[in-house]
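Notebook open, structure loaded. I'm jotting down what I look up, one topic at a time.

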Amino acid sequence: MQLHTFAEYLLAFAYYYPLFMSYLWMSGGLYYRYHWERKAGRWDQPPALEQPPKVSLIIPCFNEQAQIEETIAYADRLDYPDYEIIAVNDGSSDDTPHLLDALAARFPRLRVIHLEQNAGKANALRMGALFANSEYLVCIDSDAVLDPHAMTWLVRHLLDSPRVAAVTGNPRIRNRSSLLGKVQVGEFSSIIGLIKRAQRIYGRIFTVSGVVTAFRRSALHQVDYWSTDTVTDDIDISWRLQLAHWDIRYEPNALCWILMPETYLGLWRQRLRWALGGVETAFRYFPALLSWRKRRMWPVFIEYLLSLVWSYVLGVVLVLWALGKFVALPDALAVPSLIPGWHGVVLASTCLLQFFVSLLIDSRYERGLLKNYFWMIWYPLAFWLINVLTNLVALPLGLIKRAGRRGRWLSPDRGLREGEQRS
């Protein structure tokens, strides 16, 4: 591609960045699959732990009367010998407090902590960690359904090395009755799962999964637990632990079934929150990255920064193309068409290859996963646009966010509840 104008340079970056990252993620994902994942065995046959330690399962709750009973019922059936369940009611205004008390009478291993006011998920997690009777914590969302063997897969990493502070699990989508639900099934495999595998290869992970992660409590104590003034507690705690030279691992065998938004408004709010959390965390800890001792975080930061730049480049390209329909722009700024040529065909083929490779890797955890491959043709059209727009909005909002403001949470859109779990 011979470049002559400013617009052509923008188009080249908009094209080559996702192409390069796609092959980087595929290479890292395949290496992870055959170097580590294949040797670990099947997800339903976890390794035997010689002396399984006691584990505290923490579930923060806020207005969760619709799904908390199901979550706790499944949590009580885990195939693990010694664990407790701690549900933290964070000032719920619905029937969650009474429901939790009733559940505590049914499930002896369940303890309930009631907080008077809603102070945010991070504060609820902190309270749960302080009340826990174990050095090892597994934190899940209140709509999450843990696989019976998930706790064993997570804890084995904490026992394997004293430098491991956290182990993030493998979220799987439960609700898939709409187009958005079906596309997100593929997204969590072809994008999120593949990225975590690749990032684990070069040593640092951008974020643990907020819906299922195991922690070493002494590591959390060293960094003063979760920050209460962040938009996304999971991204923030991931960076603070790794900047303190703790290790974070990804365990794809630790399956956790979750509910995701199936409306565009719910999806927009979720992705905007994720984008705000990324901006907030990256720029909050940027000064620390200037130290040579923090160099292992540089690849993660550079990858995130380039994704942010790509969003703005794509936004500028779209604006220049739209302006060109109404006014005559200089040749250097003219974007005559958004219809892809041969390079668009290459990029589309690469995307389809990435989707196929990642779904093939993840198909060992879920039968029939490849049938979602054909729904992924909508991903670049719908989700790329949403991700670009949320990044465009998140950067200015994240930079002006008032420091010290305590985080709050609202019950998110959790879809139509008509999907099925793994059969």
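First, a term I need: I count a charge as sitting over a ring if NZ of Lys or CZ of Arg is within 6 Å of the ring centre and within 35 degrees of the ring normal. By that rule, I find the charged end of Arg-163 over the ring of Trp-246, 4.3 Å from its centre. I also find Arg-77 with its charged end over the ring of Tyr-74, 5.0 Å from the centre.

Ground rules. This is a predicted model, so I note that local features need pLDDT of at least 70 and side-chain atom pairs count only at pLDDT 80 or more, while totals for chains, interfaces and linings use all residues. Residues are numbered from 1 along each chain as its sequence is written, and side-chain values use heavy atoms, with hydrogens and water left out.

Cores. I take a nonpolar core as a set of buried Ala, Val, Leu, Ile, Met, Phe, Trp, Tyr and Cys residues joined through side-chain atoms within 4.5 Å. Buried means under 20% relative accessible area, exposed over 50%, and partly exposed in between (1.4 Å probe, protein chains only). Which residues touch the most other members of the largest core? They are Leu-57, Ile-72 and Met-151, in a core of 73 residues. Helix H6 (residues 179-201) gives this core its largest share, eight residues; helices (H or I, at least four residues) and strands (E, at least two) are DSSP runs, numbered from the N terminus. Apart from that core I see another, of 28 residues, including Trp-226 and Leu-241.

I then looked up Met-151's contacts (heavy atoms within 4.5 Å). Leaving aside neighbours within four places in sequence, Met-151 touches Val-55, Leu-57, Leu-78, Tyr-80, Tyr-83 and Val-138.

Aromatics. My search of the whole structure gives ten aromatic pairs. Rings of Phe, Tyr and Trp (its six-membered ring) pair if their centres lie within 6.5 Å; planes under 30 degrees apart are stacked, over 60 edge-to-face, the rest tilted. Phe-206 and Trp-239 have ring centres 5.8 Å apart and planes at 90°, so I log them as edge-to-face. This pair joins distant parts of the chain, 33 residues apart: Phe-206 is in the loop between H6 and strand S7 (212-216), Trp-239 in helix H8 (residues 233-243). Phe-206 also pairs with Tyr-304: centres 5.4 Å apart, planes at 20°, so stacked. Tyr-304 is in helix H11 (residues 298-324), 98 residues from Phe-206. How buried are they? Phe-206 has 15% relative accessibility, Trp-239 has 0% and Tyr-304 has 10%, each counting as buried. Elsewhere, ring pairs link Phe-13, Tyr-17 and Trp-310 into a cluster.

Helix H1. I checked the length of H1 (residues 6-40): at 1.5 Å a residue, its 35 residues should span 51 Å, and the end C-alpha atoms are 49 Å apart, which agrees. I used an expected span of 1.5 Å times one less than the number of residues. There is a kink of about 40° centred on Arg-33, with the bend taken as the angle between axes fitted to the seven residues ending there and the seven starting there. Just after H1, Gly-41 has a positive phi of about 95°.

Arg-200. I find Arg-200 in helix H6, buried at 13%. Among its contacts beyond four places in sequence are Tyr-32, Trp-36 and Asp-247.

Last stop, Asp-224: a positive phi of about 65°, though not a glycine. Asp-224 is partly exposed at 48%.
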